Amino acid sequence: MAEKLKVLGKSVHQKTALERVNGSARYYSDFQLPGTLITRFIRSPYPKAKVTKLDTEAAEALPGVELVMSYKNFPQTFRDTMHYVGEQVVAVVAVDEDVAEEALELVRVEYEEYPAVLSIEEALAPDAPEVFEGEPNCHDWEFHYYLSEKDPESGLWTKKDHADFHGFGNVDEGFAESDVIVEAEGLKYAYTKSPAMNPRGALAHFNSGKLTVYTHSQGMHHEKTVLAGVLGLNVTDVNYVCEYIGSSFGGKIAEPSDINHPTHYLIVACLASIELSKPVRCVYTREEEMLCGWSRGSLSNVKIGFKSDGTLHAISYDNWMEMGSGGDKWTIKNSLLATGTTLYSRNCKHMRGKLRYVHTNRFLSSGWQGYGAPEGHYGVEVVMDMAAEKLGIDPIELRRMNHMRGGDIDAGYDPLSYKSCYISSSGISECLDALEERADWKKRWKPPAEKSGRYREGLGIAIFCMGAGRPGPGNNTSAEVKLFPDGTAKLYSALAEMGQGQHTVQCQIVAEVLGIPYKKVGLVWQETDSTPWASIAASSIGTWLQSWPTYEAARDVRMQLLTLAAELIGVDAEKLDIDDSMIFVKDDPSRTLSIGEAMGVLGIYGGKHELIGYYSHEVPHPRCLKDGKPGQLYIPKEKGAQLVSLIVDTETGLCHDVKVINAQDVGRAMNPKIVEGQFLNARHGVENALLGSDCIVDKKNGRLLNGNWIDYKPTSFLDCDIDPIIIEKPGDPTHPFGATACGEGAACPTLAAFSNAIYNAIGVRIKETPFTPDKILAALGKV
Amino acid sequence: MKTFDYIKANSLDEAGAILAASANGAIHSGGTDLMGCLRDRIWMEDVDVVVSVASIEELKHIRKDGDALKIGAMTTLADIAASALVKESCRMLAQAAQATASPQLRNVGTIAGNICQENRCWYYRYSYRIGGIIECIRKGGKKCLAVGGDHRYHSIFGAVNRCVAVNPSDTAPALVAADATIATTKRNISAREFFTGENGKSSTVLEKGEIVKEISVPLSGDGVRSAFKKVALRKSIDFAIISCAAQIALSGGRVENATICLGGVHVNPRPMDEAAGVLKGEALSDELIECAANVALEGAKPLKGNRYKVQIAKAIILDTLSDCIL
Amino acid sequence: MSANEKVLSLTVNGEPKKLLVKPHWMLSRVLREELHHTGTKEACGEGACGACTVLIGDKAVLSCMTLALEAEGKCVETIEGLMSGKNPHPIQEAWLEEFGAQCGFCSPGMIMSAKALLLRNPNPTVGEVREAMAGNICVCSNYEHIEAAVLSAARKMRGEGA
């Protein structure tokens, strides 16, 4: 490879961008097959109920109705017990939406209603009704480990045992040894909803024994495999087609095997299509998406002990995560990332993290964009701010003293199959420096006591780290690269592209390794039938996970090509390099050979028509090991710092001039404009902080009152500015080109940074998100 | 959405006749509110016929006529917001039109549609798709669910017919503050009398088959200034938590006349006459404006969960009046 | 022809079309399902996101809030109408250069809003761009890039190059 990177590090245009801007990109809902049937649902009006009577006869008899599905004929997907308002009772499959809607009115359903729990607080109350019969509402996380022994040489933990909390040391002793202790209880992260432009859905077509599914997916091979199992089909008889995804942010991931998971659109479309041998479309409306999109929300208590000089010493962290009626208990693990296990691992000697997940009679929660990490950061970074005040230390300085550094030990849950790992790089100090300068912090930041008047400026900071590597088993991922005699290459990769830019950067890697222009690299990604397995693109691991197989598959092709060329030129392959599509002898660049010449094409009977490189790995790649030692693993993080500045109008409680600066160390920005785009995602925090984004459920009837985009408000063009600052600190060992992740990180610190900025403006801490005028005015004593 | 018959009317008389003869017809001007109502099926009776008047050209005008500004019923909010004539003679109306919804909705949404729109109470508008409609008092149910439920955006001046939904229109307070007259196919109605707290599928006094034809805003003399302000969570595509329109006529440094109207605080746009009375005959000062704002909210009866709106109402009156005299 | 179907005549991207529609069909449905112009997206169904934005005449409107029959006799332009042959429209070029699309689902609507703006205001300020685009939601939060794309497109269309 050339010494200097020629393609990586440049903002080359996105692959498949023209299709996205000229309307030809096909999202799942754009596929149209003749004779497609339409699906509509009857959904439960009660948060907890049993269907006592169901009569679908009249609906079935309506001309144009092809299938009526319920617990009676499709018990794997429908139940007669209801756990939240909106759970599916009946699906009607009909020739068009008018017939389907008419049929819904002909279905007679009777329910017996039961008492329900509609919030964490209600679910935790003594004698609270059970969401699932015979199962307590509140569960301790099953994977709490106590880490008790360290290898003196490597510093890594060597012993872990099941415990009723996660951590190390002894927090009681830790707090006794602390000079200053700061704590907050009841920090509530509202039940927010994952955003997606295109609501979930699928078009299934079962024909001649084969099922084709057009849908969205962050991991189509995994989903297809699970789906085939659920449907009792051979994996080879199912093809998953996923050309473009209308955003996902984790909230649209499917789990076909779990009846509590909001994947019913997929199962319903497939089951109906198999039953009828016709194409069946099941597309959710915005209201249904607002119900089924993954939520998140939690309640946390945080206590942190410091030495008098500000050195963090001990952390106790309690989190109750609302899971709704189903959901994903794994989410909660990420809340620990913000604690002494990872973000503050540098100085934290005593750590106790107690995680619980709580069922309620609300639509499920599974964690999106940050997957539990934003909730953890909210609690910890708020208390860090309180601590800075109590210690009399600048909030930026307190973070600078205590944040994780590259080589520190990660004792959190990302290394599930390990006891601990090395954090591969940090760069948080550099991010803090950048924010301090960009915001003119030293001059502008003043304590709340110095603010007065109606309009008060507030500046708030929070740092973050987000898991960006899953070293455990099950993260097998692959790539294939083909090189053709005309000097073009094609990458076969199923890694999901949701707008985060992986298609582009993976093609950049191929171009870089092969020494060919980026424009000469094509991509095949559209379906499972023609792509090798790729792991699910979640937890911001795309960069870490997929870059290795892409890189190695391209290197495989490169070696094959250079071996062919070596024979023709008469030197060893190691003495050759490729630049600008020409193979040359490194010591004598005048001796060249084109790719076509090297492949020796002589027509259809001769030469090599394509060179195929392939690489598949069970993570981690050997280069992620410290000095190649097994068990001594570097794991990458997303990491950085965020600064919120705003002006609180103390008469209306509104915030104006809202600006979020996101500084993040990405190791190497493989495509700077794409990296910038990822940082802009911090805007989700703005709606969660200020625009009232909370799934508001009526306390009596359990209905979601703001289940649309007028009452639940995605951020508009006018609500805030985001200023992305890219920090590149080279040398991260976990990636072939030193890149680390950028994706969900920007979503993690935002609510804490807002809480800190509002506190900085008004001198009152608001414990519950969102920070709407009602709460700000109440905090100011004006209500 | 349920299907219906669709008729494009060539005149308002024709439209009125079709509506009067229909079982449950609905008028289509810009359609931006109507489509939402039909899509979510918020009405108890299905609409059988939609009569479109959107393309009647003679209803799209903004002109001076004697001592009034005449605005055709089908004039779009975008045209009103951009009109130099409206900006000059009734600034608060142009500001209110500009503050409404989004560019695309203002391009088709009309002034008549804006003042006739349905309220945004989330119980009333709850979509039938997720467990069926909610039978609130407005729909013939037994009680208003917002009173005992989540009423953070509801009335702070009590219920009318036990409903605490608020009028969501941004232009309505401006028209009331401007003392506009609304001409219909049957009569002239003062903007103050136009809105009604009756339950059911209407927020106005319009009778069956009666259609808004033109809006007439008295032209103000020299020394008259007006302003409109809106407090909403999102800076675009949002309804007001509270809006305020105010107009002040100054003469010799003293307030000759003043009107103030709040939106988003009550079932109807709420004129604040006592507060305006405080200003009359006085020289304007910060203290006087604050006094007026306090007087305006003296009679407020907020619910448990929306007391913060009283504070916002005071602040927005203050800001609007201040903007008038800038 | 079923009971209440009506004939709709309109022009879509310069081509006259005549088809049978039901009165309650939205323009977006007709464009997507009947005319197979799936570039126009439906995302919120309430007029609150702008993904379905098309031009009727020179005005940006929401096709999911517009009855198809309201477009009778009108000229509708969708995202499919912007390319000239294989060449992207300057707005589309700007979108490519400034990375205006992330997932791309909002892009067609955004681009149509941008076109409506630049038709009436070839030299918009940053504030005017934001105001004009404020009816379009991008949940990838790509507004800074989109703003740069609209400003760049304006320069291109004024002949000032990027």
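## Overall size of chain A

Chain A has 783 residues, for which a compact globule would have a radius of gyration near 28 Å; the value for chain A is 27 Å, which agrees. The radius of gyration is taken over C-alpha atoms, and the globule rule is 2.2 Å times the number of residues to the power 0.38. The C-alpha trace of chain A spans about 85 × 75 × 50 Å along its principal axes.

This is a predicted model: local features need pLDDT of at least 70, side-chain atom pairs count only at pLDDT 80 or more, and totals for chains, interfaces and linings use all residues. Residues are numbered from 1 along each chain as its sequence is written, while chains are lettered from A and ligands numbered from 1 in the order in which they are written.

## Make-up of chain A

Chain A contains 19 helices and 32 strands. Helices (H or I, at least four residues) and strands (E, at least two) are DSSP runs, numbered from the N terminus. Of the 783 residues of chain A, 62% count as buried. A residue is buried if 20 or more other C-beta atoms lie within 10 Å of its own, exposed if 12 or fewer, and partly exposed in between, with C-beta atoms placed from the backbone.

Among contacts in chain A between residues at least 6 apart in sequence, 79% link residues at least 24 apart. Two residues are in contact if their C-beta atoms, placed from the backbone, lie within 7 Å.

Helix H3 (residues 97-106) of chain A has buried residues at A:Val99, A:Ala100, A:Glu102, A:Ala103 and A:Leu104. The buried residues of H3(A) pack against strand S1 (37-43), helix H2 (57-61), strand S3 (65-69) and strand S5 (88-94) of chain A.

The largest nonpolar core has 433 residues, and those touching the most other members include A:Val92, A:Ala269 and B:Val53. Helix H14 (residues 542-569) of chain A gives the most to this core, with 12 residues. A nonpolar core is a set of buried Ala, Val, Leu, Ile, Met, Phe, Trp, Tyr and Cys residues joined through C-beta atoms within 7 Å. Not counting residues up to four places away in sequence, B:Val53 touches residues including B:Ala9, B:Leu12 and B:Ile211.

## A three-stranded sheet

In chain A, an open sheet of three strands has the order S25-S26-S27, with antiparallel pairing. Strands S25 (576-579) and S27 (588-594) of chain A stand at the edges, each with a single partner strand, so one side of each is left without a neighbour in the sheet.

Strand S26 (residues 582-585) of chain A pairs with S27(A) in the antiparallel sense over four bridges; two strands pair if DSSP finds at least two bridges between them. A:Ile583 stands opposite A:Leu593 in S27(A).

## Contacts between chains

Between chains C and A, 41 residues of chain C are in contact with 41 residues of chain A. The elements giving two or more residues to the chain C side are helix H2 (90-97), helix H3 (107-120), helix H4 (126-133) and helix H5 (143-157) of chain C.

The contact between chains B and C takes 22 residues from chain B and 24 residues from chain C. On the side of chain B that touches chain C, H6(B) gives the most, with five residues.

## Backbone details

A cis peptide bond, with omega about -10°, joins A:Thr769 and A:Pro770. A:Pro770 lies in the loop between helix H18 (750-762) and helix H19 (773-779) of chain A.

B:Ile237 is a residue other than glycine with a positive phi, near 45°. B:Ile237 counts as buried, with 29 C-beta neighbours inside 10 Å.
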